[in-house]
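Reader: I would like to learn how to read the features of a model such as this one. Could we take them in turn?

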2 protein chains.
Amino acid sequence: MQETTAPPDAAAYTPTDRTVPTRSAERASYDKPLVHAILDEGYVCHLGFVRDGAPVVLPTLYGRVGDRLYVHGSTGSRPLRMTGTADPGLPVCLTVTHVDGLVLARSAFHHSINYRSVVVHGVARDVTDPDEKCAALDALVDHVVPGRAADSRPANRKELAATAVIYLDLDEVSAKLRTGGVNDEPEDLDLPHWAGVVPLRKGYGTPLPDADLPPGTALPAYLTPER
Amino acid sequence: MQETTAPPDAAAYTPTDRTVPTRSAERASYDKPLVHAILDEGYVCHLGFVRDGAPVVLPTLYGRVGDRLYVHGSTGSRPLRMTGTADPGLPVCLTVTHVDGLVLARSAFHHSINYRSVVVHGVARDVTDPDEKCAALDALVDHVVPGRAADSRPANRKELAATAVIYLDLDEVSAKLRTGGVNDEPEDLDLPHWAGVVPLRKGYGTPLPDADLPPGTALPAYLTPER
C-alpha cells in the first residue's frame, strides 16, 4: 500500500475543528486502518462542493491509493470542470456511508441505525501526471471489483483524453460509527413493543452475463455470488 | 398523501439550471412518483451545507410527507443549529443514492454502476409547529420501517425539547438513474473478459431481538426477513 508523507502518528489522522463532531463525539474515530476499511467497502461517495454560494452534493465513484482518493468523470462534468479551473483547487467534502442495520427501540426517540461513515475535508486538484492518471483509473475499477482492472481493456488515448481525474488527500478526515444494540430507557423495557436490530443484507446477487458473451464463459474467481 | 401547493404539472418537477445535468442528461428525470419512490427507499440522505465558505456533507436520517422532507437531530448538532439561526433558512443540497448493480464491461472505460439518485436543492427551515413536529418524527420513524411509529412509544416532552426538526420542500429536484446492461464498443466484444451486471443484495437480514425482550416475543408483521 503506497503511503504519502508520514504524519506525526502514522496510525491515526489528526483531529481538527472540522472533524470533531459537535454531538456523539464518542462515535468518532481517526484510526487510519478503520477509515481506509470504510472507504474501501463503499461503491459511491457523496462529493460536496460550493457553486454560486450554494452547496451541491453528487454521488460518484471513487478509488483510493494510500492516503489519496481519486474521483473521475467526463471532462465536461461540473465538479471536474470546476476543479480544473479553480486555483489552487476546489474545496470539497467527500463522504462515504454504510448503513449496517436498523435499530428499533421501544421508544420512537431511541430509534437509530447502525452505520459507519467517513467524512473527508480538503481541496480537490486535477491529476496531471499521465502515469498517476492511469494508476488512478485502475484504482477506480479495482475499487468497484477488486482484481477487475487487470481483467479488462485499459483506456486508450481517446478515452483517457475524455476522462478527467481529480485527487483529494486524506488528511482532515474522520470516521463515525454506531454499532451494537438498542439503548432504551430502563422504564421503557416493559413496553409491549418488539425491540432489536435488523441487519441489512450486503454482497453480490447472482451475476447476469452480457448476452454477447460466448456460451459457457466462466464467471471470474473474483465474482462469487456472496462476498 | 399530503401535497403542498400544486405546481403547474402536478406529476413532474420543473427543471432548473441546477437540476439539468451537464452530462448524461438522458439519465435525468423529474417524474414525481419516481422521485418519491427513490426517496422512500433510502435510509440515509447526504445533507450538504456551507460552513465558513467550505462544503460539509453529513449522512443523516430523513422522512417524507408529500412534497416535504424532514431531517431531525439533536438541538446541538451543527446543521440544525445553523438552520435555527439562519434567516431565512440554510441553503442545503440533500442527496439520496441507491447502488443497484455493478456494470462490468470488457473495457475499463465502460465500467459503471446501475444506480438511482435524487438531488434536492433548497433552503432548510426549522419546524416550529408542535403538531407538524410530531408528524415529522412519526414520518422519520416510519421511513426507517413503515408501520413502526404506531408500534413504539411516542416522544415525551423532554425528548421533543431535545430534538430539532428542519424541513426542505421538494421543488428544485431531479432524479438520475442508470439501468440495464453493458455498453461495450463493438470492436471490444470479442475480448476474453467476462462482462455483465452484478446486482447487489438488498433487504433485511435476520432480526436480532433485544436481550431484554420477554422470551417468545413474536416478530412484528412489518419485519419479515426479506422485503
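Reader: How many residues does the contact take from chain A and from chain B?

Author: Some conventions come before the count: this is a predicted model, in which local features need pLDDT of at least 70 and side-chain atom pairs count only at pLDDT 80 or more, while totals for chains, interfaces and linings use all residues. Residues are numbered from 1 along each chain as its sequence is written, and chains are lettered from A and ligands numbered from 1 in the order in which they are written. Two residues are in contact if their C-beta atoms, placed from the backbone, lie within 7 Å, and the contact takes 77 residues from chain A and 77 residues from chain B. On the side of chain A that touches chain B, the largest share, eight residues, comes from β6(A), where strands (E, at least two residues) and helices (H or I, at least four) are DSSP runs numbered from the N terminus.

Reader: Which strand of chain B does β10(A) join?

Author: Strands pair if DSSP finds at least two bridges between them; here two bridges join β10(A) to β11(B), residues 208-209, and the two run antiparallel. Within this pairing, Gly196(A) has Pro209(B) as its bridge partner.

Reader: Is strand β5 of chain B mostly covered or mostly open?

Author: A residue is buried if 20 or more other C-beta atoms lie within 10 Å of its own, exposed if 12 or fewer, and partly exposed in between. By that count β5(B), residues 68-74, is mostly covered, with five of its seven residues buried. β5(B) pairs in the antiparallel sense with β8(B), residues 163-169, over seven bridges, and three bridges join it, also antiparallel, to β4(B), residues 63-65. The hairpin of β4(B) and β5(B) has two residues between the strands, and Gly66(B) takes a positive phi near 60° there.

Reader: Which residues have the most contacts inside the largest nonpolar core?

Author: In soluble globular proteins, nonpolar side chains tend to be buried together. A nonpolar core is a set of buried Ala, Val, Leu, Ile, Met, Phe, Trp, Tyr and Cys residues joined through C-beta atoms within 7 Å; the largest has 111 residues, and those with the most contacts inside it are Tyr70(A) and Tyr70(B). Tyr70(B) stands opposite Tyr167(B) in β8(B), and, not counting residues up to four places away in sequence, Tyr70(B) touches residues including Val127(B), Ala136(B) and Leu140(B).
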